[in-house]
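Reader: I should like to learn how to read the features of a protein model, one at a time. Could we work through an example together?

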Amino acid sequence: VSVLHQRMVGVEALLRWRHPEHGLMDPSRFIGLAEEAGFISTLSDWVLAEACRQLACWHAAGHTGLRMSVNLSPREFERDDIIERVTANLSVHQLPAGTLEVEITENILLQDAERVIDKVRTLRRFGVHVAIDDFGTRYSSLNYLKRFPVSSIKIDQSFIHSLGADAGGASIVRAFVGIAEGFGLH
């Protein structure tokens with residue numbers, strides 16, 4: 001929600017698995033298994049397609065200012081076809097590239113950094129927004145942040161939850177916001 005414009009500007013596709021015995025399962029319980037079993041790309045393709053389909057429906061209903069965020073596994077950036085898979089979904093659903101934001105985590109930096117940076121740069125050239133999710137919890141390298149052509153950082157909720165009660169947490173959030181502003185990020 002944009003406080004400045006007093007309207008909703010974005011949504012995030014959140015994946016849950018309704019297991020017949022275990023109930024509603026959080027991604028932390030099954031994404032790792034999907035990666036290990038080798039079907040994370042199939043799952044990601046389905047999520048991208050469904051997210052773009054839903055966003056196209058909302059745009060058709062007049063909510064054209066919305067942006068959809070979709071989390072992608074770091075494993076996706078090991079594949080050579082990630083750019084085509086993302087842009088194909090935009091094309092199929094006739095969405096402007098700027099209406100999609102791909103969220104990546106900082107541990108993506110542990111891979112071949114130069115290849116990942118090139119892929120992120122290519123996504124950005126197409127107009128797709130790229131955000132670093134859960135910022136501040138893993139490998140927050142300011143050097144990588146300087147080199148990565150991301151459009152925004154999403155401060156991890158562990159820092160946000162204690163804002164009213166924890167002066168240390170508020171200081172960290174202010175520092176992250178300052179860093180984002182310094183790099184021209186949202």
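Reader: Is glutamine 6 buried or exposed?

Author: This model is predicted, and in it glutamine 6 counts as exposed, because its relative accessibility is 71% and the cut-off for exposed is over 50%. Glutamine 6 lies in the segment before β1. Its phi is positive, about 50°, although the residue is not a glycine.

Reader: Which other residue has a positive phi of about 50° although it is not a glycine?

Author: Glutamine 94 does. Glutamine 94 sits in the loop between α3 and β5, and it counts as exposed at 73% relative accessibility.

Reader: How many bridges join the strands β1 and β4?

Author: Four bridges join β1 to β4, and the two strands run parallel. Glycine 10, for instance, has arginine 67 in β4 as its bridge partner. β4 and β5 are likewise paired in the parallel sense, over four bridges. Methionine 68 has leucine 100 of β5 as its bridge partner, while asparagine 71 stands opposite glutamate 103 in β5.

Reader: What joins β6 to β7?

Author: Three bridges join these parallel strands. Phenylalanine 135 has isoleucine 155, in β7, as its bridge partner.

Reader: Which way do the side chains of a strand point?

Author: In a regular strand the side chains alternate between the two faces of the sheet. In β5, Leu100, Val102 and Ile104 point one way, whereas Glu101, Glu103 and Thr105 point the other way. Six of the six residues of β5 are buried, so this strand is largely enclosed by the rest of the structure.

Reader: Which residues have the most contacts inside the largest nonpolar core?

Author: That core has 44 residues, and those with the most contacts inside it are Phe77, Val86, Leu100, Ile104, Val128 and Phe148. Among the elements that give two or more residues to this core are α2 (40-60), β5 (100-105) and α7 (167-182). The helix α2 gives the most, with seven residues.

Reader: With which residues is isoleucine 104 in contact, leaving aside its neighbours within four places in sequence?

Author: Isoleucine 104 is then in contact with Leu72, Phe77, Val120, Val130, Ala131, Ile132, Asp133 and Phe148.

Reader: How may I check the length of a helix, for example α4?

Author: One compares an expected span with the distance between the helix ends. At 1.5 Å a residue, the 14 residues of α4 should span 20 Å, and its end C-alpha atoms are 20 Å apart, which agrees. The buried residues of α4 include Val116, Ile117, Val120 and Leu123.

Reader: Where is arginine 75 found?

Author: Arginine 75 is in the loop between β4 and α3, and it is partly exposed, with a relative accessible area of 37%. Sequence separation and distance in space should be read together. Arginine 75 and isoleucine 40 are 35 residues apart in sequence, and their C-alpha atoms are 7.8 Å apart in space.

Note on methods. Residues are numbered from 1 along each chain as its sequence is written. This is a predicted model: local features need pLDDT of at least 70, side-chain atom pairs count only at pLDDT 80 or more; totals for chains, interfaces and linings use all residues. Side-chain values use heavy atoms; hydrogens and water are left out. A nonpolar core is a set of buried Ala, Val, Leu, Ile, Met, Phe, Trp, Tyr and Cys residues joined through side-chain atoms within 4.5 Å. Buried means under 20% relative accessible area, exposed over 50%, partly exposed in between (1.4 Å probe, protein chains only). Contact means heavy atoms within 4.5 Å. The expected span of a helix is 1.5 Å times one less than its number of residues. Two strands pair if DSSP finds at least two bridges between them.
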